Amino acid sequence: MQRSGPPSLVDPLLLPAPRLAAPRGSRRSRDRPSAGDPTAPDAGTYPRDITAPELTPNDQSSGGSEEPPMTTYGSIEATCCMCHSTSIQTTLASTNRFGTADLDLRPPEMVRSTMTAWIQACPNCGYVAEKIGVELLTPDLVRRVLAGDRWRELMFGWKGPDLASAFLRASLLKRELGQPHDAADSALRAAWVADDRHDRVLSIECRKEATQLTDLALEGKDPDDEACRRMRIRQVDILRRAEIWTAAERLCEDLLDGSPEGTAGIVLRFQASLIQKRDTYCYAISDALRWTRPPLEPGPEGDRQQPAAGKTAPWMSALRWLTSLRR
């Protein structure tokens with residue numbers, strides 16, 4: 001299916017075969033769902049609060065082609081708004097997605113592997129942003145951050161992946177600019193980079209920072225607000241994969257006390273089972289949907305029958321939801 005427009009980190013769910021995938025580490029399972037098996041969550045959908053960078057104008061539908069676009073990159077000449085030096089920056093021209101997002105909303109392939117184009121870094125002063133050429137309203141504050149010890153540590157004393165350093169620097173900037181939610185997103189992206197490098201220590205460190213920033217973003221907010229609830233659901237996974245078990249269990253139980261319905265409730269019950277087993281693997285939303293699917297009883301002839309009357313499997317309501325959108 002051809003896709004165009006900006007890539008969102010939370011895709012409509014594309015449900016694979018009805019079985020729980022093997023535990024995954026840093027990368028997606030090789031058992032990917034088919035492009036011809038689309039389903040989506042019902043009204044109680046899982047959070048949709050992270051967005052990926054915009055694509056360049058090249059990411060447009062090309063006629064009636066049924067083939068999804070491959071991931072392609074471009075380049076632009078960007079002038080840093082801080083030091084006014086010019087550099088060549090990578091841009092994402094086109095990509096595609098098959099499958100569901102992870103429980104922490106990391107997207108499936110091929111968007112999953114395009115993080116190098118999600119952020120731009122000035123090679124001269126080290127300033128980072130989605131677009132380093134955009135003028136800032138508070139350049140003096142940014143200059144103070146760039147001169148700080150933590151920034152210098154991430155720039156010159158950093159021994160991890162450069163991309164993780166860029167995301168952590170972006171997180172630091174956004175926190176100082178009073179944007180803790182965006183700062184948490186950037187810290188989590190640094191954790192994804194660490195996941196891909198199989199760096200468990202850095203992954204946990206970045207997730208701990210992400211959950212602290214999420215707490216900061218939620219301070220003084222109504223916990224029953226929809227946006228806050230979505231942030232807290234994602235935070236359960238961040239805490240679980242950072243091995244902060246007590247906090248993960250407490251938050252998951254608190255959210256389940258509200259008897260959430262739809263995909264959100266399914267995900268939380270799945271998380272509760274993982275926390276109980278002290279499971280730190282990477283899972284997708286589709287894993288949670290498969291985990292909760294009612295078993296099909298064999299009929300008198302040994303064939304597979306539908307669930308009992310009155311019980312609708314999650315994938316059935318999801319399919320109806322997607323069908324309604326296409327009308």
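In the predicted model, H198 is located in the loop that joins helix 4 (180-196) to helix 5 (200-218). The phi angle of H198 is near 60 degrees, a positive value in a residue other than glycine. With a relative accessibility of 65%, H198 is classed as exposed because this value lies over the 50% cut-off.

A positive phi is also found at L105, where the angle is near 75 degrees. L105 belongs to the loop between strand 2 and strand 3. Its relative accessibility is 0%, and L105 is therefore counted as buried. The loop between strand 2 (86-94) and strand 3 (120-121) also contains M110, and the peptide bond leading from E109 to M110 is cis, with omega near 10 degrees. Most residues other than glycine have a negative phi, and most peptide bonds are trans.

Across the whole structure, 3 aromatic pairs were identified. F270 and Y283 form an edge-to-face pair, with 5.4 Å between centres and 85 degrees between the planes. The relative accessible area is 2% for F270, which is buried, and 38% for W291, which is partly exposed. F270, Y283 and W291 form one aromatic cluster.

Note on methods
Residues numbered from 1 in each chain as written. Predicted model: local features only at pLDDT ≥ 70, side-chain atom pairs only at ≥ 80, totals over all residues. Heavy atoms only, no water. Helix = DSSP H or I, 4+ residues; strand = E, 2+ residues; numbered from the N terminus. Buried < 20%, exposed > 50% of the residue type's maximum accessible area, 1.4 Å probe, protein only. Phe/Tyr/Trp six-rings, centres within 6.5 Å; stacked < 30°, edge-to-face > 60°.
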